[in-house]
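Please look over the sequence and the structure, then read on.

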Amino acid sequence: MSTRGTNFFHQWLANTVPEAAGTDVISVAELTQKLFADAKALGISSTEIEEDTGSVYEAIFDAVVHHDAGG
């Protein structure tokens with residue numbers, strides 16, 4: 001992940017996951033699309049985000065599940 005992609009991804013998760021706790025699989029897919037749309041609006045490519053993350057969907061899913069489990 002580029003530094004810019006890393007920073008965007010982590011900030012986006014911090015702002016989005018608390019509101020998304022308890023979402024279902026379809027909602028995670030929608031969050032993934034929203035992440036890429038928000039990144040694109042700032043000129044950040046999906047490649048910049050995916051380089052180090054692998055599956056962005058799985059990263060968002062894990063963040064939502066662990067946030068929900070952690071309270």
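The sections below cover the overall fold and then the salt bridges.

## Overall layout

The model is predicted. Its protein chain has four helices and zero strands, which gives the pattern α-α-α-α along the sequence.

Of the 71 residues in the protein chain, 28% are buried. The accessible surface of the protein chain is about 4300 Å², and carbon and sulfur atoms account for 53% of that surface. Among contacts between residues at least 6 apart in sequence, 77% link residues at least 24 apart.

## Salt bridges

Side chains of opposite charge can pair when their charged atoms come close. The count of salt bridges in this model is two.

Glu 48 has 15% relative accessibility and counts as buried, because the cut-off for buried is under 20%. Arg 4, at 41%, counts as partly exposed.

## Within helix α2

Another salt bridge is formed by the side chains of Lys 34 and Asp 38, at 3.0 Å from N to O. Both residues lie in helix α2 (residues 25-41), and they are four residues apart, about one turn of the helix.

Lys 34 is partly exposed, with a relative accessible area of 41%. Asp 38 also counts as partly exposed, at 25% relative accessibility.

Technical notes: Residues are numbered from 1 along each chain as its sequence is written. This is a predicted model: local features need pLDDT of at least 70, side-chain atom pairs count only at pLDDT 80 or more; totals for chains, interfaces and linings use all residues. Side-chain values use heavy atoms; hydrogens and water are left out. A salt bridge is a side-chain nitrogen of Lys or Arg within 4 Å of a carboxyl oxygen of Asp or Glu. Buried means under 20% relative accessible area, exposed over 50%, partly exposed in between (1.4 Å probe, protein chains only). Helices (H or I, at least four residues) and strands (E, at least two) are DSSP runs, numbered from the N terminus. Contact means heavy atoms within 4.5 Å. Accessible areas come from the Shrake-Rupley method with a 1.4 Å probe; for residues, only the protein chains shown count as cover.
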